[in-house]
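I opened the model to look up a helix crossing, a surface patch, some backbone geometry and the salt bridges. My notes are kept in that order.

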Amino acid sequence: MTNEQPTLKKALRPIHLWAIGVGLVISGEYFGWNYGWGVAGTVGLLIATLLITLLYFTFIFSFTELTTSIPNAGGPFAYALKAFGPMGALVAGYATLIEFLFATPAIALALGSYVHFLYPSIPVIATSVSSYILFTLINLLGIKEAAWFSLIMTLLAIAELLLFIGVVAPDFKLDNFLHNPMPFGWSGVFAALPFAIWLYVCLEGVAMVAEEVKNEKNAIAKGYISALLTLTILALAVMICVGGIAEWEKLATLDYPLPESIGIVLGRDNPLTKLFASVGLFGLIASFHGIIISYSRQIFALARSGYLPTVLATVSARQQVPYWALLLGAFFGIAALCVLDTSKLVILSTIGAVVVYIVSMLALFKLRRSDPTLNRPFKAPFYPVFPAVALLLAGIALAAMIYFYSWLSLLFFVGLVVIAGLFYASGRYEKSKQEWRVDVP
């Protein structure tokens, strides 16, 4: 390793991390989770969501130990590298890229659907592609500017969700929520797990900006935990409120369930319905923008370590942002949204997520044993129970997705085998192993 690797600008504070964390995920409250009703019903999805909420609470409290101990733009890639060496890092890096690169086009399609709801003459794809271009350009301005934009969008998105809850909660009917509540029994609960994960997926993306945080150790812990609490309250409130507005079959296949719900309560032509659909874009924009930040930093970290072409680790002289990584991610996302629908993008993203969670928790256990003197400003509470629970639930979720969505899972793992083969055949594996042995006694 050379000592002249590119570095990122330190400009973020706890409020930015909270905003990035909530912003990364908050679009999950606006769409995507409702596809879970189609495989589980309202109560089935609620049970799945409670299980996944437990997964995220135990995971984030454990994951924060890794992030504060190893504040690196690679996030799980860096933790797996330290714990397991180059091949473990490859698995973590690949899974993280799949999670973030497939989540972004899903949100882009939802953005297009919201605009199409307002203006039916505007095609969904046109808005989706335009969104990639616009927000990639915003990210090229610099991390501080991008983080402030994320903060503003996140605050607007939270305000809108509170407005939504206030409008529809008085019309909640328990009979609607309990209509055909578990049509597929307990198997539906497991089939709904990826859509429950969608309510929280990408939260760990805060780790990707760890290098850019001032006083990063305290700030990261505050950002993660406050973001998780915010998202849990919003996710459960929105899901329950929407489920009581109409029979779930009417909303289970839409990319815009929230404006449709208000349309049912107030009428589709009501000015408040139109206003809500318009400002509903804030939540989608917050996540879309935040995930662009995260996947670009993951590409940057992989390239900086030699797992991707080194040109992708190039940062701009003035803004100090990884511009080639931003451009590559946008190109990939535009291609993905043109060939896959929203539900498939959600499932692929969540498969990547649970693999990241599994590798991260294994890395936590490994580093506790192999590197007990590592500086740990934040330690996982109730160790080893919390990381063990997170590992168990992530393993169950992965098994369920392999069973219910076998061809998408096959696509994920075939891609991993191909990437690993290329990594090994190129000779980069041996070189990385030698460098790792030097860095890790």
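The entries below record what I looked up.

I am working from a predicted model, in which local features need pLDDT of at least 70, side-chain atom pairs count only at pLDDT 80 or more, and totals for chains, interfaces and linings use all residues. Residues are numbered from 1 along each chain as its sequence is written, and side-chain values use heavy atoms, with hydrogens and water left out.

**Helix crossing.** I looked at helix H13 (residues 281–304) and helix H14 (residues 323–339), whose axes come within 8 Å and cross at roughly 115°; helices here are DSSP runs (H or I, at least four residues) numbered from the N terminus, and axes are lines fitted to C-alpha atoms over the stretch in contact, with angles from 0 to 180 degrees between N-to-C directions. On the H13 side the contact (heavy atoms within 4.5 Å) is made by Ile292, Tyr295, Ser296, Ile299 and Phe300, and on the H14 side by Ala325, Leu326, Leu328, Gly329 and Ala330.

**Surface patch.** I found Phe190, Leu392, Ile396, Tyr403 and Phe404 making a nonpolar surface patch of about 510 Å², where patch residues have over 30% relative accessible area and no salt bridge, and nonpolar side chains are joined within 5 Å; areas come from the Shrake-Rupley method with a 1.4 Å probe. Helix H16 (residues 385–404) gives the largest share, four residues, Leu392 being in H16.

**Backbone.** The peptide bond from Tyr383 to Pro384 is cis, with omega near 5°, and Pro384 lies in the loop between H15 (342–370) and H16.

**Salt bridges.** I count four salt bridges, each a side-chain nitrogen of Lys or Arg within 4 Å of a carboxyl oxygen of Asp or Glu. Arg368 in H15 pairs with Glu65 in H2 (residues 37–69), 303 residues apart, and their closest N and O atoms are 2.8 Å apart.

Definitions and conventions: Helix = DSSP H or I, 4+ residues; strand = E, 2+ residues; numbered from the N terminus. Patch = residues over 30% accessible without salt bridge, like charges linked within 9 Å, V, L, I, M, F, W, Y side chains within 5 Å.
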